[in-house]
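Come along and check each entry against the picture.

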Amino acid sequence: MLLRCVAHPGLLLFILLVTAGALAPAAATDDSTLRLTVVSHEPGHFSWAAASRLAQSAGENGLKVEPELATSPGEQAQGRASPDLLLMPLRSLATQVPALEVLELPFLFSGVADIHQAFDNALGKLLREQARQQGWELLALWDEGMHALSGQRRYDRAINLTGMEFILLRPDPVAEKQFKALDAWTRSARPQTREQLLRECAIGSRSASLQQIWHERLDRVHLAVSLTAHRYEGWVVIAPVATWSRHSEKDRAALLKVLSSTTQWQRTDAQRREADALKQLETSGMQIHSLDAEQRAAFMKRLPAWDELLSDELEQSLRKKLIAAATTGVVGRTTGQETPPKAQPATPDG
(Lines give C-alpha, C1' and ligand atoms only; values in the text may rest on other atoms or scores of the structure.)
Protein backbone atom coordinates (compact mmCIF):
# COMPACT_ATOMS: atom_id res chain seq x y z
CA MET A 1 0.00 0.00 0.00
CA LEU A 2 1.41 3.39 -0.96
CA LEU A 3 1.72 6.00 1.75
CA ARG A 4 -0.51 9.00 1.44
CA CYS A 5 0.55 12.22 -0.22
CA VAL A 6 2.59 13.69 2.64
CA ALA A 7 5.31 11.24 1.73
CA HIS A 8 5.49 12.71 -1.79
CA PRO A 9 6.59 16.38 -1.46
CA GLY A 10 7.69 16.46 -5.10
CA LEU A 11 4.11 16.01 -6.29
CA LEU A 12 2.87 18.73 -3.99
CA LEU A 13 5.48 21.25 -5.11
CA PHE A 14 4.96 20.33 -8.76
CA ILE A 15 1.25 21.02 -8.60
CA LEU A 16 1.87 24.32 -6.83
CA LEU A 17 4.45 25.51 -9.32
CA VAL A 18 2.67 24.31 -12.46
CA THR A 19 -0.59 25.84 -11.31
CA ALA A 20 0.99 29.15 -10.40
CA GLY A 21 2.86 29.37 -13.70
CA ALA A 22 0.07 28.18 -15.96
CA LEU A 23 -2.56 30.73 -15.00
CA ALA A 24 -2.86 34.28 -16.24
CA PRO A 25 -5.46 36.97 -15.54
CA ALA A 26 -8.67 36.47 -17.50
CA ALA A 27 -11.96 38.27 -17.93
CA ALA A 28 -14.72 37.63 -15.43
CA THR A 29 -16.92 34.67 -16.25
CA ASP A 30 -20.36 33.51 -15.23
CA ASP A 31 -19.23 29.88 -15.23
CA SER A 32 -20.15 28.61 -11.78
CA THR A 33 -18.27 25.29 -12.11
CA LEU A 34 -15.08 25.16 -10.05
CA ARG A 35 -12.56 22.32 -10.24
CA LEU A 36 -11.13 21.42 -6.85
CA THR A 37 -7.92 19.37 -6.83
CA VAL A 38 -7.36 17.46 -3.59
CA VAL A 39 -3.68 16.68 -3.11
CA SER A 40 -4.19 13.17 -1.83
CA HIS A 41 -4.15 9.79 -3.53
CA GLU A 42 -6.65 8.22 -1.14
CA PRO A 43 -10.42 8.70 -1.40
CA GLY A 44 -10.74 7.55 2.23
CA HIS A 45 -8.60 10.43 3.49
CA PHE A 46 -10.32 13.14 5.53
CA SER A 47 -9.44 15.78 2.92
CA TRP A 48 -11.50 13.95 0.29
CA ALA A 49 -14.45 13.67 2.67
CA ALA A 50 -14.26 17.42 3.33
CA ALA A 51 -13.99 18.18 -0.38
CA SER A 52 -17.06 16.04 -1.04
CA ARG A 53 -18.96 17.87 1.70
CA LEU A 54 -17.94 21.19 0.11
CA ALA A 55 -19.21 20.02 -3.28
CA GLN A 56 -22.54 18.97 -1.76
CA SER A 57 -23.01 22.29 0.03
CA ALA A 58 -22.01 24.22 -3.07
CA GLY A 59 -24.69 22.46 -5.08
CA GLU A 60 -27.28 23.51 -2.52
CA ASN A 61 -26.17 27.12 -3.02
CA GLY A 62 -26.21 27.31 -6.80
CA LEU A 63 -22.55 26.44 -7.40
CA LYS A 64 -20.96 23.41 -8.93
CA VAL A 65 -17.70 22.27 -7.34
CA GLU A 66 -16.07 19.22 -8.90
CA PRO A 67 -13.49 17.59 -6.58
CA GLU A 68 -10.78 15.40 -8.04
CA LEU A 69 -7.83 13.59 -6.54
CA ALA A 70 -4.43 14.95 -7.49
CA THR A 71 -3.09 13.58 -10.74
CA SER A 72 0.46 12.45 -11.32
CA PRO A 73 2.94 15.10 -12.51
CA GLY A 74 3.02 13.45 -15.94
CA GLU A 75 -0.73 13.76 -16.38
CA GLN A 76 -0.72 17.33 -15.08
CA ALA A 77 1.95 18.27 -17.61
CA GLN A 78 -0.03 16.95 -20.58
CA GLY A 79 -2.16 20.05 -20.81
CA ARG A 80 -5.01 19.40 -18.40
CA ALA A 81 -6.76 22.57 -17.34
CA SER A 82 -5.45 24.01 -14.09
CA PRO A 83 -7.84 23.74 -11.14
CA ASP A 84 -9.80 26.65 -9.73
CA LEU A 85 -9.18 25.49 -6.15
CA LEU A 86 -6.61 23.32 -4.39
CA LEU A 87 -6.84 21.51 -1.06
CA MET A 88 -3.38 20.59 0.23
CA PRO A 89 -1.26 20.35 3.37
CA LEU A 90 -0.36 23.61 5.08
CA ARG A 91 3.30 22.54 5.02
CA SER A 92 3.20 22.39 1.22
CA LEU A 93 1.98 25.96 0.83
CA ALA A 94 4.46 27.13 3.48
CA THR A 95 7.26 26.40 0.99
CA GLN A 96 5.94 29.37 -1.00
CA VAL A 97 4.40 31.38 1.86
CA PRO A 98 6.85 30.93 4.77
CA ALA A 99 4.74 33.13 7.06
CA LEU A 100 2.43 30.11 7.41
CA GLU A 101 5.11 28.45 9.51
CA VAL A 102 3.73 30.40 12.47
CA LEU A 103 0.86 27.90 12.57
CA GLU A 104 3.36 25.03 12.90
CA LEU A 105 5.51 26.42 15.71
CA PRO A 106 6.01 23.95 18.58
CA PHE A 107 4.04 24.65 21.75
CA LEU A 108 2.88 28.07 20.52
CA PHE A 109 -0.72 26.84 20.58
CA SER A 110 -2.15 24.46 23.16
CA GLY A 111 -4.69 22.95 20.78
CA VAL A 112 -6.85 23.45 17.71
CA ALA A 113 -9.18 25.83 19.57
CA ASP A 114 -6.31 28.30 19.92
CA ILE A 115 -5.46 27.85 16.24
CA HIS A 116 -9.05 28.60 15.25
CA GLN A 117 -9.25 31.66 17.47
CA ALA A 118 -6.03 33.10 16.08
CA PHE A 119 -6.73 32.28 12.44
CA ASP A 120 -10.30 33.57 12.58
CA ASN A 121 -8.99 36.94 13.72
CA ALA A 122 -5.83 39.04 13.26
CA LEU A 123 -3.47 36.19 12.39
CA GLY A 124 -5.69 34.92 9.59
CA LYS A 125 -5.90 38.38 8.06
CA LEU A 126 -2.12 38.72 8.12
CA LEU A 127 -1.56 35.27 6.64
CA ARG A 128 -4.06 35.90 3.86
CA GLU A 129 -2.17 39.08 2.98
CA GLN A 130 1.10 37.16 2.87
CA ALA A 131 -0.40 34.43 0.70
CA ARG A 132 -1.85 37.00 -1.71
CA GLN A 133 1.58 38.54 -2.18
CA GLN A 134 2.74 35.14 -3.47
CA GLY A 135 -0.22 34.80 -5.83
CA TRP A 136 -2.60 32.75 -3.68
CA GLU A 137 -5.99 33.42 -2.15
CA LEU A 138 -6.07 31.61 1.20
CA LEU A 139 -9.74 30.69 1.50
CA ALA A 140 -9.93 28.23 4.40
CA LEU A 141 -7.86 26.39 6.98
CA TRP A 142 -8.96 22.82 7.74
CA ASP A 143 -7.76 20.64 10.61
CA GLU A 144 -6.00 17.34 10.60
CA GLY A 145 -5.08 17.60 14.28
CA MET A 146 -2.31 18.27 16.77
CA HIS A 147 0.89 16.25 16.62
CA ALA A 148 1.61 13.44 19.04
CA LEU A 149 4.94 11.65 19.50
CA SER A 150 5.10 7.93 18.77
CA GLY A 151 8.03 5.69 19.62
CA GLN A 152 9.57 3.03 21.81
CA ARG A 153 9.84 5.53 24.66
CA ARG A 154 7.23 7.63 26.37
CA TYR A 155 7.75 11.21 25.23
CA ASP A 156 5.65 13.04 27.79
CA ARG A 157 8.99 14.00 29.39
CA ALA A 158 11.32 16.26 27.41
CA ILE A 159 14.43 14.51 28.73
CA ASN A 160 13.33 11.29 27.02
CA LEU A 161 13.83 12.84 23.56
CA THR A 162 17.56 13.29 24.15
CA GLY A 163 19.53 11.42 21.49
CA MET A 164 16.43 9.92 19.86
CA GLU A 165 15.86 9.86 16.10
CA PHE A 166 12.65 11.06 14.43
CA ILE A 167 11.73 10.12 10.86
CA LEU A 168 10.63 12.91 8.52
CA LEU A 169 8.61 11.97 5.43
CA ARG A 170 8.83 15.42 3.85
CA PRO A 171 11.08 18.49 3.86
CA ASP A 172 10.22 20.17 7.15
CA PRO A 173 12.53 22.92 8.46
CA VAL A 174 10.28 23.65 11.45
CA ALA A 175 10.55 20.04 12.63
CA GLU A 176 14.31 20.04 12.14
CA LYS A 177 14.75 23.16 14.27
CA GLN A 178 12.29 21.88 16.87
CA PHE A 179 13.98 18.51 17.40
CA LYS A 180 17.45 20.03 17.39
CA ALA A 181 16.36 22.30 20.24
CA LEU A 182 15.02 19.24 22.07
CA ASP A 183 18.38 17.42 21.68
CA ALA A 184 16.92 14.90 19.24
CA TRP A 185 17.93 13.90 15.71
CA THR A 186 15.94 13.90 12.47
CA ARG A 187 16.36 11.71 9.42
CA SER A 188 14.55 12.04 6.09
CA ALA A 189 13.03 8.93 4.50
CA ARG A 190 10.88 8.35 1.43
CA PRO A 191 9.34 4.90 1.91
CA GLN A 192 7.00 3.78 -0.86
CA THR A 193 5.09 1.22 1.17
CA ARG A 194 3.87 0.91 4.73
CA GLU A 195 6.21 -2.04 5.26
CA GLN A 196 9.20 0.10 4.30
CA LEU A 197 8.07 2.79 6.69
CA LEU A 198 7.66 0.34 9.55
CA ARG A 199 11.20 -0.87 9.00
CA GLU A 200 12.39 2.73 9.27
CA CYS A 201 10.35 3.26 12.43
CA ALA A 202 11.50 0.06 14.11
CA ILE A 203 14.32 2.23 15.46
CA GLY A 204 13.04 5.70 14.61
CA SER A 205 10.20 7.69 16.16
CA ARG A 206 7.49 9.81 14.54
CA SER A 207 5.72 13.10 15.10
CA ALA A 208 2.31 13.24 13.42
CA SER A 209 -1.41 13.58 13.98
CA LEU A 210 -3.18 10.66 15.61
CA GLN A 211 -4.91 9.92 12.30
CA GLN A 212 -1.57 9.63 10.55
CA ILE A 213 -0.01 7.52 13.30
CA TRP A 214 -2.90 5.07 13.00
CA HIS A 215 -2.79 5.19 9.20
CA GLU A 216 0.88 4.25 9.31
CA ARG A 217 0.04 1.48 11.81
CA LEU A 218 2.90 2.50 14.06
CA ASP A 219 1.28 0.41 16.78
CA ARG A 220 3.04 -2.53 15.11
CA VAL A 221 6.51 -1.20 15.93
CA HIS A 222 6.05 1.43 18.66
CA LEU A 223 5.09 1.01 22.29
CA ALA A 224 3.79 4.45 23.25
CA VAL A 225 1.98 7.54 22.02
CA SER A 226 2.48 10.77 23.95
CA LEU A 227 -0.23 13.41 23.52
CA THR A 228 2.16 16.33 23.41
CA ALA A 229 -0.13 18.43 21.15
CA HIS A 230 3.01 20.37 20.35
CA ARG A 231 2.32 21.27 16.74
CA TYR A 232 -0.61 21.82 14.40
CA GLU A 233 -1.15 19.77 11.24
CA GLY A 234 -3.52 21.59 8.92
CA TRP A 235 -4.67 21.73 5.31
CA VAL A 236 -5.53 24.81 3.25
CA VAL A 237 -8.06 25.59 0.55
CA ILE A 238 -6.43 28.00 -1.87
CA ALA A 239 -7.00 29.53 -5.30
CA PRO A 240 -4.53 31.24 -7.62
CA VAL A 241 -5.27 34.95 -7.50
CA ALA A 242 -5.69 35.16 -11.29
CA THR A 243 -8.23 32.31 -11.29
CA TRP A 244 -10.11 33.64 -8.28
CA SER A 245 -10.49 37.12 -9.79
CA ARG A 246 -12.03 35.88 -13.04
CA HIS A 247 -15.06 34.41 -11.28
CA SER A 248 -18.01 36.69 -10.71
CA GLU A 249 -18.42 38.52 -7.42
CA LYS A 250 -21.66 36.59 -6.86
CA ASP A 251 -19.92 33.23 -7.23
CA ARG A 252 -17.03 34.25 -5.00
CA ALA A 253 -19.43 35.35 -2.27
CA ALA A 254 -21.41 32.11 -2.57
CA LEU A 255 -18.25 30.00 -2.36
CA LEU A 256 -16.99 31.86 0.72
CA LYS A 257 -20.34 31.22 2.40
CA VAL A 258 -20.14 27.51 1.57
CA LEU A 259 -16.52 27.33 2.72
CA SER A 260 -17.50 28.88 6.06
CA SER A 261 -20.20 26.29 6.75
CA THR A 262 -18.02 23.43 5.50
CA THR A 263 -15.19 24.57 7.76
CA GLN A 264 -17.41 24.25 10.82
CA TRP A 265 -18.42 20.74 9.72
CA GLN A 266 -14.82 19.79 8.98
CA ARG A 267 -13.55 20.89 12.39
CA THR A 268 -16.03 18.58 14.11
CA ASP A 269 -15.25 15.78 11.68
CA ALA A 270 -11.53 16.14 12.45
CA GLN A 271 -12.19 15.85 16.20
CA ARG A 272 -14.13 12.66 15.59
CA ARG A 273 -11.40 11.17 13.41
CA GLU A 274 -8.67 12.01 15.91
CA ALA A 275 -10.69 10.51 18.76
CA ASP A 276 -11.33 7.36 16.72
CA ALA A 277 -7.63 7.05 15.92
CA LEU A 278 -6.68 7.43 19.57
CA LYS A 279 -9.17 4.74 20.54
CA GLN A 280 -7.78 2.40 17.87
CA LEU A 281 -4.20 2.95 19.01
CA GLU A 282 -5.11 2.32 22.63
CA THR A 283 -7.11 -0.79 21.74
CA SER A 284 -4.16 -2.13 19.77
CA GLY A 285 -2.07 -2.04 22.94
CA MET A 286 -0.14 1.21 22.73
CA GLN A 287 0.48 3.06 25.97
CA ILE A 288 -1.09 6.53 25.96
CA HIS A 289 0.61 9.35 27.88
CA SER A 290 -0.70 12.87 28.43
CA LEU A 291 1.29 15.94 29.47
CA ASP A 292 0.60 17.93 32.62
CA ALA A 293 1.42 21.63 32.94
CA GLU A 294 4.86 20.98 34.42
CA GLN A 295 5.84 18.57 31.66
CA ARG A 296 4.66 20.97 28.97
CA ALA A 297 6.70 23.75 30.56
CA ALA A 298 9.79 21.54 30.48
CA PHE A 299 9.45 21.18 26.71
CA MET A 300 8.95 24.91 26.22
CA LYS A 301 11.99 25.71 28.35
CA ARG A 302 14.23 23.90 25.85
CA LEU A 303 12.98 25.86 22.85
CA PRO A 304 14.42 29.16 21.59
CA ALA A 305 12.18 32.19 21.11
CA TRP A 306 9.39 31.36 18.68
CA ASP A 307 10.42 34.00 16.14
CA GLU A 308 13.83 32.31 15.91
CA LEU A 309 12.15 29.12 14.71
CA LEU A 310 10.53 30.86 11.75
CA SER A 311 12.04 30.87 8.26
CA ASP A 312 15.15 32.95 7.65
CA GLU A 313 13.37 34.26 4.55
CA LEU A 314 11.11 36.36 6.79
CA GLU A 315 12.22 39.78 7.96
CA GLN A 316 12.56 40.11 11.70
CA SER A 317 9.79 42.71 11.85
CA LEU A 318 7.38 40.32 10.15
CA ARG A 319 8.37 37.48 12.47
CA LYS A 320 7.55 39.64 15.50
CA LYS A 321 4.27 40.69 13.91
CA LEU A 322 3.27 37.09 13.25
CA ILE A 323 3.99 35.99 16.81
CA ALA A 324 2.09 38.96 18.21
CA ALA A 325 -0.93 38.21 16.01
CA ALA A 326 -0.80 34.53 16.98
CA THR A 327 -0.75 35.22 20.71
CA THR A 328 -2.98 38.26 21.12
CA GLY A 329 -6.34 37.38 22.62
CA VAL A 330 -5.83 33.61 22.46
CA VAL A 331 -6.93 31.90 25.64
CA GLY A 332 -5.78 28.57 27.00
CA ARG A 333 -2.09 28.80 26.10
CA THR A 334 -0.95 29.74 29.57
CA THR A 335 -2.52 26.70 31.15
CA GLY A 336 0.24 24.53 29.75
CA GLN A 337 -2.13 21.59 29.59
CA GLU A 338 -3.77 19.99 26.59
CA THR A 339 -6.93 18.00 27.04
CA PRO A 340 -6.76 14.82 24.96
CA PRO A 341 -9.60 14.26 22.48
CA LYS A 342 -12.66 12.50 23.82
CA ALA A 343 -13.88 9.36 22.15
CA GLN A 344 -16.75 9.61 19.68
CA PRO A 345 -17.82 13.27 19.77
CA ALA A 346 -21.12 13.94 18.06
CA THR A 347 -20.98 14.04 14.27
CA PRO A 348 -22.98 16.81 12.59
CA ASP A 349 -26.00 15.83 10.55
CA GLY A 350 -25.40 15.18 6.88
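**Entry 1: one glutamate.** I began with E104, which sits in the loop between helix 4 (90-94) and helix 5 (112-119). Helices here are DSSP runs of H or I with at least four residues, strands are runs of E with at least two, and both are numbered from the N terminus. The model is predicted, so local features need pLDDT of at least 70 and side-chain atom pairs count only at pLDDT 80 or more, while totals for chains, interfaces and linings use all residues. I also noted that residues are numbered from 1 along each chain as its sequence is written, and that side-chain values use heavy atoms, leaving out hydrogens and water.

Is E104 buried or exposed? I found E104 buried, with a relative accessible area of 2%. (Buried means under 20% relative accessible area, exposed over 50%, and partly exposed in between, with a 1.4 Å probe and protein chains only.) The side chains of E104 and R231 are joined by a polar contact of 3.2 Å. Such a contact is a pair of N or O atoms within 3.5 Å; within protein, one must be able to donate a hydrogen and the other to accept it, and residues adjacent in sequence count only if both atoms are side-chain atoms. Leaving aside residues up to four places away in sequence, E104 touches L90, R91, V174, R231 and Y232. (Contact means heavy atoms within 4.5 Å.)

**Entry 2: the whole chain.** I listed 14 helices and 10 strands. Of the 350 residues in the chain, 56% are buried. Among contacts with a separation of 6 or more, 80% are between residues 24 or more positions apart.

**Entry 3: helix 8.** In helix 8 (residues 194-201), I marked R194, L197, L198 and C201 as the buried residues. They cover an arc of only 100° around the axis, so they lie on the same side of helix 8. (The arc is that of the directions from the helix axis to the C-beta atoms.) An α-helix has 3.6 residues a turn, so residues three or four places apart point the same way. The buried residues of helix 8 pack against strand 5 (165-168), strand 7 (206-209) and helix 9 (210-215).

**Entry 4: helix 11.** How far apart are the end C-alpha atoms of helix 11 (residues 249-283)? They are 50 Å apart, which agrees with the 51 Å that its 35 residues should span at 1.5 Å a residue. (The expected span is 1.5 Å times one less than the number of residues.) After helix 11 comes G285, whose phi is positive, near 110°.

Entry 5: I searched the whole structure and found 1 cavity of 30 Å³ or more. On a 1 Å grid over the protein atoms alone, a cavity is a set of points where a 1.4 Å probe fits but cannot get out; a pocket is an open set with protein on both sides within 12 Å along at least five of seven lines, and lining residues have an atom within 4 Å of a point. The largest cavity holds about 210 Å³ of space. Its lining has 20 residues, with H147, R170, R206, S207 and A208 nearest the centre. Strand 7 gives the largest share of that lining, 4 residues.

I looked at the second largest pocket too, which has a volume of about 340 Å³. Helix 11 gives the most to its lining, with 6 residues.

How values were computed:
Grid points are joined across faces, edges and corners, and a volume is the space filled by probe spheres set on the points.
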